[in-house]
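Hello,

Here is the structure I said I would pass on. Please open it alongside this message, and my notes on what turned up follow below.

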Amino acid sequence: MTEEIIIAGFGGQGVLSMGKILAYSGIMQDQEVSWMPSYGPEMRGGTANVTVILSDERISSPILTQYDTAIILNQQSMDKFEPMVKPGGLLLYDPNGITRHPERKDIRIVRIEASKEAAALGLRKIFNMIVLGGYLKVKPLVEFENVILGLKKSLPPRYHHMIPDNEKAIKRGLEIVEEVQ
Amino acid sequence: MEETITKSDIIKPENLVYKKTDLMTDNVLSYCPGCGHGTTHRIIMETIEEMGVQKDTIGIAPVGCSVLAYEFMNIDMQQAAHGRAPALATAIKRLLPYKTVFTYQGDGDLAAIGTAETIHAANRGENITIIFINNGIYGMTGGQMAPTTLEGMKSSTTPYGRDWEMMGHPLKITELLAQLPGTYFVSRQAVHTPANVRKTKKAIRNAFELQKLNRGMTFVEVVSNCNSGWKMTPVQANQWMVENMFPFYPLGDIKVDGELVKK
Amino acid sequence: MKKELRLMKGNEAFAEGAIRAGVDGYFGYPITPQSEVMEYLTAEKPHERTGMVVLQAESEVASINMLYGGAGCGKKVMTSSSSPGISLMQEGISYMAGAELPCIVLNVVRGGPGLGTIQPAQSDYFQATKGGGHGDYRLITLAPSSVQEMYDFVKLGYDLAFKYRTPVMVLSDGAIGQMMEKVEIDEQIPRTQDEEIRSKYPWATMGKTPDRERNIITSLDLDPARHERHNLKLQAKYREIEKAEIRFETIQCEDADFLFVAYGTSSRICQKSIQLCREKGIKVGLFRPITLFPFPKNDLKQVARGCKGILSVEMSAGQMIEDIRLAIEGSVRSEHYGRMGGIIPSPIEVAEALEQKFIKS
């Protein structure tokens, strides 16, 4: 199994930390992992993206132009990454702020109203965990308990009091993700 | 038969009035006759001997006339790139905090190319000693202008005298360093008379002793001559130094126990 | 016992590797994309963990000269920087090579020339492997291609640096510095005690004791005959390194008709390109030099025997290709494919470049 994922959105949406938690979850499940961010001035409030790879084998290139899965959280990222999903691959997106919905017919498309749900729950900061939950529903590559272990490993101890809320958000994501095509 | 006195009759312990410290090697000094470097080397080595710290002292030679200081000083030494001696000393002292660490630097090395290292080592309050020889000229390369060259003073790159409008002002780096909270003891001395030699030695001893308190940098400037670079005899050079250098670079302690002292 | 596993950035793994390898002092100056090294070290409080000194210097120039001072005392010292900062350090590195001082310098390469870009590149190959500063000298140059190797090469680097009394450069790039992978963490190696330094490294300036002559650390010798002898000694050392310290990796070379030769990030890209090529029936392998100096000349020639072509893949205008061509001595056709300015080539474009240069042409 090798799963090559791009997670892309605005800086501040928790794109990088979502990738980190996913990668750490992979380690907890004895997988090989890599996490490759875009970096530099573009990160300061602009777009942010991270390539995460989970695999049972040694990982080759951490930098890719074709992905098994694209998790898309803003319009710029939709424009950039929709064409880069492999045929038969997965596109997961939050429709909030999306003006042009995905148009490809050769990929699986799912959506998750994560920002709406985060606002409803009053837990805006864990918007990204709702998205992660949605992804894990569609592609259960890591077991839930390993995700929680990964969460603990990637959060500094001073944030460990937030783990129950994060867990709740991931579970909510599992429930609300919807198939589009 | 008339008795002849041989060398071995003279060299006897009871006749001994002066002996070179063992901390100076037997290598022939590469300095010009009349230069202040030799005297300053000797009193630093005497001080280390008297303090009994040879096995715990690390010295750093600069680039300049004293680049070969390690040929003459019988202690463990490192030779630094031009101007970087305070950086070396910083690392040595931080990695070996119980050692006595000093740099020996000229005016070009310390106050031109090495200004950043000098000021930042002082500002961090590194517990090292800097011995700064100021003769207002680049000696080794053949008498070019130094940052400390006096206004109007001739050098091979200021053949008509230093004009501040073109070449800037002489830099009083010692006064500048004394302003920084990281320096604990700052003094300016000279070695052209026996009395001044004694005062310089006292200042150097002070600087080394105070280094052990870990209260910051200790710094001794020695205003010196460069008779070959100044194109004078040694006697003329010393006289010129007294008349021209001392008014601009006055001798005495500048900072004692971390406090600026009035002059 | 199962080793501790962590998800770390390359830069962080290097810093943790430094603490674990018993490094005595880190001296550095911030520059993107490697600032995490010093940030990690200061956050970790290594002075409490091992007594390691970490100091933010006033410049790269001061940093490298701090290494000179510390290394002269037989201490394990290191710095890290990125291309423009490494250029500033070249004088000091030359002095350290001349004075035969061990140290590790990490270059997390970014695109140049000049201030260039903060994005990854491999355009400092010449500088790292051919000397870099003035005078006849070489640096042992290690090229990590994973976060684990960023961690492992600290210990390896010191083994080599002290064995040969020479500076070692770890030539990484912005991609490996910034990406996170799984890292196996070792047990803590204790720092070397001062008395042990005195006996292990009798050349170190630890203070002159009556039982030995004074130690002098210098790169200066004004006597040409003596200085030539010193140079010959350095050259003999580099020849010995070339004999004994070659390191490389081969992937799928056994049946390969074509070879990628690549190091660091490029070698990772090429591993994916191999898959893409083989899906099309083109048998490609990867020869990855791990030591760039010494360059695995003979081994490459051996592996390339019978191949139809070699493609050097570098994030530069083509620097390692010169060493490749010297190694294979015209026995196989060799071409270069590279991107510059901080652009990382994609696995697809590298696979296409191979086809373009060797099959379609």
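In this predicted model, 9 strands form an open sheet with mixed pairing, in the order β7(A)-β6(A)-β5(A)-β4(A)-β1(A)-β3(A)-β2(A)-β8(C)-β1(C). The edges are held by β7 (178-179) of chain A and β1 (4-9) of chain C; each has a single partner strand, so one side of each is left without a neighbour in the sheet. Helix α4 (residues 127-138) of chain A packs on this sheet, where it touches β4 (67-72), β5 (85-93) and β6 (108-111) of chain A. The direction of that helix makes about 140° with that of β5(A).

β5(A) and β6(A) run parallel and share 4 bridges, with Leu91(A) having Ile109(A) as its bridge partner in β6(A). From β6(A) to β7(A) the sense is antiparallel, over 2 bridges, and here Arg111(A) has Glu178(A) as its bridge partner. Towards the other end, strand β2 (residues 32-37) of chain A meets strand β8 (residues 180-185) of chain C; these two run antiparallel and are joined by 2 bridges. Ser34(A) is bridged to Glu181(C) there.

Now for how the chains meet. 

Which chains touch with the most contacts? Of the 2 pairs of chains that touch, chains B and C have the most contacts. Chain A and chain B do not touch, and their nearest C-alpha atoms are 29 Å apart.

Take chains A and C to begin with. Here 19 residues of chain A are in contact with 20 residues of chain C. On the side of chain A that touches chain C, α1 (15-28) and β2 each supply at least two residues, and β2(A) has the largest share, with 6 residues. By class, that side of chain A has 11 nonpolar, 6 polar and 2 charged residues.

For chains B and C, 31 residues of chain C are in contact with 29 residues of chain B. Several elements of chain C supply at least two residues each to the side that touches chain B: β2 (25-28), β3 (53-56), α4, α5 (83-99) and β9 (216-217). Of these, α4(C) gives the most, with 7 residues. The classes on that side of chain C are 13 nonpolar, 12 polar and 6 charged residues.

There is a helix pair to look at between these two chains. Helix α4 (residues 85-95) of chain B packs against helix α4 (residues 60-72) of chain C at an angle of about 50°, with the axes 7 Å apart. α4(B) and α4(C) are therefore oblique to each other, and α4(B) passes α4(C) in a right-handed crossing. From α4(B), the contact is made by Ala87(B), Leu88(B), Ala89(B), Thr90(B), Ala91(B), Ile92(B) and Leu95(B). From α4(C), it is made by Ala62(C), Asn65(C), Met66(C), Tyr68(C), Gly69(C) and Gly70(C). By class, this helix contact has 9 nonpolar, 4 polar and no charged residues.

Strands also link chains B and C. Strand β2 (residues 76-79) of chain B pairs with β9(C) in the parallel sense over 2 bridges, and Met77(B) stands opposite Ile216(C) in β9(C).

Back within chain A, there is another helix pair. Helix α5 (residues 144-154) and helix α6 (residues 163-176) of chain A pack at an angle of about 140°, with their axes 11 Å apart. That angle makes α5(A) oblique to α6(A), and their crossing is right-handed. On α5(A), the contact residues are Val147(A), Ile148(A), Leu151(A) and Lys152(A), while on α6(A) they are Ile163(A), Asn166(A), Glu167(A) and Ile170(A). By class, this contact has 5 nonpolar, 1 polar and 2 charged residues.

Finally, a word on confidence. Chain A averages a pLDDT of 93, and 96% of its residues score at least 70. Over residues 40-44 of chain A, however, pLDDT stays under 50, and the model has 7 contacts beyond four places in sequence for that stretch. Where pLDDT is low, the predicted coordinates should not be read in detail.

Best wishes

Key:
Residues are numbered from 1 along each chain as its sequence is written. Chains are lettered from A and ligands numbered from 1 in the order in which they are written. This is a predicted model: local features need pLDDT of at least 70, side-chain atom pairs count only at pLDDT 80 or more; totals for chains, interfaces and linings use all residues. Two strands pair if DSSP finds at least two bridges between them. Axes are lines fitted to C-alpha atoms, for helices over the stretch in contact, and angles run from 0 to 180 degrees between N-to-C directions. Ala, Val, Leu, Ile, Met, Phe, Trp, Tyr, Cys and Pro count as nonpolar, Asp, Glu, Lys and Arg as charged, and the others, Gly among them, as polar. Angles under 35 degrees count as roughly parallel, over 145 as roughly antiparallel, 65 to 115 as roughly perpendicular and the rest as oblique. A crossing is left-handed if the near helix is turned anticlockwise from the far one by less than a right angle, and right-handed if clockwise. pLDDT is the predictor's confidence in each residue, from 0 to 100.
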